[in-house]
Structure formats: C-alpha cells, structure tokens
Amino acid sequence: MVLAQLGGSITRALQQMTNATVIDEKVFNDCLNEINRALLQSDVQFKLVQDMHTNIKKIVNLQDLAAGHDKRKIIQQAVFNELCKMLDPGKSSFVPKKGKTSVVMFVGLQGSGKTTTCTKYAHYYQKKGWKPALVCADTFRAGAFDQLKQNATKAKIPFYGSNYCIAVPSFLYSYMESDPVKIAVEGVERFKEENRDLIIVDTSGRHKQEAALFEEMRQVSEATKPDLVIFVMDSSIGQAAFDQAQAFKQSVAVGAVIITKMDGHAKGGGSLSAVAATKSPVIFIGTGEHMDEFEVFEVKPFVSRLLGMGDLSGFVDKIHDNVPMDKQLEFLQKLSEGFTLRIMYQQFQNMLSMGPMSQVFSMLPGFSSELMPKGQEKENHAKVKRYMTIMDSMTNEGMRDR
Ligand code: GDP
C-alpha cells in the first residue's frame, strides 16, 4: 500500500531509538536523519521535511529535559505531532448540509481518478441520506460522459451531460452539446429545480497542466459558483505534486483535496505535499476502483495508522455504519473485554460485512498490515473465512476457554 513503506521506516527509526540504552544527542539525530531519509525517499517535498526536522529539534531539547522525563515518549509524540501538522492546513473545508443545495466542482488532471471519485463522493453522501446528482462537464475526453453515466446508473444517482438521453414513454430525447460551461450551468439549474441537495460537477482534465484546462475550469467555476472545489490527485504523482497542486490552486479556489489510488504501490509521499501547496485539507482518500473503496480522511487517525498504532475511531465509525444499532454497544463491550474464540468468531462475522478486510484490520492496533495485505481482498476474505472454519471444528469448551 502507498505509504506503508514510509510508515514502516519511521516506526523502525523510532524503535531503534527506543532500543538504545541511553538517548543522547547522537541517538536522537540518527533517528531524525532516518525519518528524513524515509520521507524524502517517499517523495515528500524537501522543504516540508526540512521544516519538520527543524521543528522537532526546537521542541525536543535533550539538554533541557530534566531527569525523569521520558525522552522516548517526548520524541515519539513530537514526530507524531509534526507529521500531523504536515497534513493539517489548520482549516477545515466546506461540508455540504443536508436539505440545502450545495454545488461541488471536481478538478484534476486526466487519469487522476476524478470521474470515479465524483461517483464515490456522491455515493458516500447518498448512503448518509443526501440527494446527490452528477453533472458531466467533461467534453474533452471521449467516453467521459459514458463512464459517468455508467457509474451513476450503478449507484442509482441522477446524472446530466452531453449526449444526455432520457427515455420518456412516448419519445426519446437526445441532447448533444460541446460547451462544458453551458452543460455545467444547465445541469446545475436542472438539479436545483429538482431539489437535489448535493450537485457534483465533473470537469475536464488534460494530460498535463496547460492554459486551456485552467481557462475552462475558471469559466465553469465562475458560471456555476461552486460552494467547494475539490482537487483530485493521484498518489503516484511523486515530487511534481507540490507544483501541480499549487497551479490548480492559483486558477480556481481549491478548498479540499482527495488523493486517489492509495491502494497502489506508488511511494505516495508527494501527494502529501498537496496539503501544503493548496493550504486545503485532504478530505477523502481513494483506496480502490470500487465505489466503496473510499475513506474519510482524518489526520490523526491516518498518522496513527501510518505508524502502526491503529485507528479505533475509524473502527468505531465502521461499526456504526455496518452493525445493527441494537447490537453496537454489545459489540464494543465484547471487544473491550478481550477475546475468547467464541467472541472472536462473532466479531469476524460482523467484520466480514464492514468492507475490505485490509482496511478493517489496519484500524485495529497491533495488527500488522502483512496479516491482511491491501489489494488482496479476495484472499483476505478467504483467510477470515478459513479461521472461522477452523473454529467451527473446535469444541464448545475450546471456543470458550481460549
Ligand atoms: P479521470 O480521467 O481523472 O476522470 O480518471 P478516471 O476516473 O477515469 O480514473 C482513471 C483510472 O483510475 C480508472 O481506471 C479508475 O478505475 C482508476 N481509479 C480511480 N480511483 C482509483 C483508486 O482509488 N484506486 C485504484 N486502484 N484505481 C482508481
């Protein structure tokens, strides 16, 4: 998974420091240098790495720490906080309100996953009770409208765009338009009339940043007056991330970032620089091609998972979304009491419906990502089923006592 290697390297650097008999200036510097190297190797922008290093050195002054202070803990906390700071622009993004029309415009380069992400975003809010609608203002890429239409149909979300066809009992109305601004405006108007409360506008991308792309984005934005512009970025972008994100921010008022393809094998650190470049928070990450492979992004739980410390709040959210209301408390109580195999069996049953196993297990502290690797969901699912089959063959006593 993207960034798994970075997380592993930082954790190892901290572990090596923890293993040292005495934490002196040399051990501390070695640890920080190791962390710098890991960040740079993952394509995090040099300036951000440098700033993080300077800040940690400022916060942790070994000479000033009185005897009895737990230096390890203080250093670990400083690293954790600085990683969080790198990902936190210090302001939150616009959040759509149920029942009140919001227009959200998506921008990004072609291939970044923009169209896929529009539908994931709409689907996410639809599950929570919103009435989303999709407008395809991408007339540049052949097939963009068909792709959006296909995704939207699958998710049962209304859509609008060029080549737009509505089957009405007595006739077929077919619509062809190549002006993205006109399509965007018409689509937004139509869905406002239909009282849709979340209107999502997908715009064109290009293979590289160019004036025509930025001009088109600017015009669509001016005409539709979005409440939020979301910049979609592919996590494999590398060192070019900072400049790319900044270029988009300079053309339209980017208010949030979504990073896609976090399930891939790219290094991923570059995309983290998008936060600094746009001064906007990452709000979601894409973790696969499927509609549900989309996670809310929150800085602290993310850094916590990155460093192998789990994400219990994310896990609790999953429980809220997937376990029946009257069973949630019991589920959490049983988890906190510790496991007998019988309880574990029941929890596995619940977990199987919570989404990809790699995602669910990565939220649990102490579970290594190697147990349920990302991108091997079929195998992971089969693995949990296998554990359950083994348990099926055990006696009642065995299930209770272990
Ligand atoms: P666009 O040109 O920016 O609109 O990009 P698309 O939405 O067409 O996506 C390009 C490709 O990336 C498609 O094959 C998508 O299925 C894929 N894709 C999008 N998001 C993700 C993701 O989070 N993970 C993976 N593995 N693939 C993704």
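Tutor: Let's start with a term: a nonpolar core is a set of buried Ala, Val, Leu, Ile, Met, Phe, Trp, Tyr and Cys residues joined through C-beta atoms within 7 Å. Keep in mind that this is a predicted model.

Student: Which residues have the most contacts inside the largest nonpolar core?

Tutor: They are L134, V135, I200, V201 and F231, in a core of 81 residues. In soluble globular proteins, nonpolar side chains tend to be buried together.

Student: What makes this core lie between domain 1 and domain 2?

Tutor: Domain 1 (4-87) and domain 2 (102-306) both contribute residues to the core, so its place is between them. Apart from this core there is another one, of six residues, including M351, M357, F361 and M363.

Student: How do you know that V201 is in contact with residues beyond its neighbours within four places in sequence?

Tutor: Contact calls for C-beta atoms within 7 Å. With those neighbours set aside, V201 still has V103, M105, F106, V135, A137, A184, G187, V188, V220, T224 and P226 as contacts.

Student: Why is β6 called largely enclosed?

Tutor: A residue is buried if 20 or more other C-beta atoms lie within 10 Å of its own. Six of the six residues of β6 are buried, so the rest of the structure largely encloses this strand. L198, I200 and D202 point one way, I199, V201 and T203 point the other way, and all are buried.

Student: How do you know that β6 pairs with β1 and with β2?

Tutor: Pairing needs at least two bridges. β1 and β6 have five, in the parallel sense, and M105 has V201 as its bridge partner in β6. β2 and β6 also run parallel, joined by six bridges, with P132 opposite L198.

Student: What makes β3 and β10 edge strands?

Tutor: Each of them, β3 (159-161) and β10 (294-296), pairs on one side only. The open sheet has eight strands in the order β3-β2-β6-β1-β7-β8-β9-β10, with mixed pairing, and its twist averages 25° from one strand to the next.

Student: Which strands does helix α8 lie across?

Tutor: Helix α8 (residues 211-224) lies across β1 (102-107), β2, β6 (198-203) and β7 (228-234). Angles compare N-to-C directions on a scale from 0 to 180 degrees, and α8 runs at about 180° to β1.

Note on methods. Residues numbered from 1 in each chain as written. Predicted model: local features only at pLDDT ≥ 70, side-chain atom pairs only at ≥ 80, totals over all residues. Buried ≥ 20, exposed ≤ 12 C-beta atoms within 10 Å, placed from the backbone. Domains from an automatic or database assignment. Contact = placed C-beta atoms within 7 Å. Helix = DSSP H or I, 4+ residues; strand = E, 2+ residues; numbered from the N terminus.
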